[in-house]
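Here is my note on the model, point by point. Please keep the structure open while you read.

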Amino acid sequence: MEKAVKLEEALELVKQLSLIDKVRLIEQVAPQIERELTIIQPKQRKSLRGLWQGSNISESDISEIREQMWVNLPREDV
């Protein structure tokens, strides 16, 4: 059974490689990472369409809330 290598140990080994071997390592590892990333499927997001359906929000409700939000803001008339 193979021993798991810790990240720190792997980095120390990589530091000992020549520049060309580092490039070769990246060339070999990158496709593997790419394959693994394509396997992972992103979470499906819940649609927000119709979120407020059935809510009885009127224009006057929106206007009232806007007034409440803006009432305490400092104002400089130009």
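**Notes on the model**

1. A nonpolar surface patch is made of Leu17, Leu25, Val29, Ile33, Leu37 and Ile40, which together have about 500 Å² of accessible area. Patch members have over 30% relative accessible area and no salt bridge; like charges are joined within 9 Å, nonpolar side chains (Val, Leu, Ile, Met, Phe, Trp, Tyr) within 5 Å. A salt bridge puts a side-chain nitrogen of Lys or Arg within 4 Å of a carboxyl oxygen of Asp or Glu. Areas come from the Shrake-Rupley method with a 1.4 Å probe; for residues, only the protein chains shown count as cover.

2. This is a predicted model, where local features need pLDDT of at least 70, side-chain atom pairs count only at pLDDT 80 or more, and totals for chains, interfaces and linings use all residues. Residues are numbered from 1 along each chain as its sequence is written, and side-chain values use heavy atoms, leaving out hydrogens and water.

3. Ile40 sits in the loop between helix H2 (19-39) and helix H3 (59-70). Ile40 is exposed, at 58% relative accessible area. (Buried is under 20%, exposed over 50%, partly exposed in between; 1.4 Å probe, protein chains only.)

4. The protein chain has 3 helices and 0 strands. (Helices, H or I, at least four residues, and strands, E, at least two, are DSSP runs numbered from the N terminus.)

5. Buried residues account for 0% of the 78 residues. The protein chain exposes about 8800 Å², with 57% of it from carbon and sulfur atoms.

6. Along the principal axes, the C-alpha atoms fill a box of roughly 70 × 40 × 25 Å.
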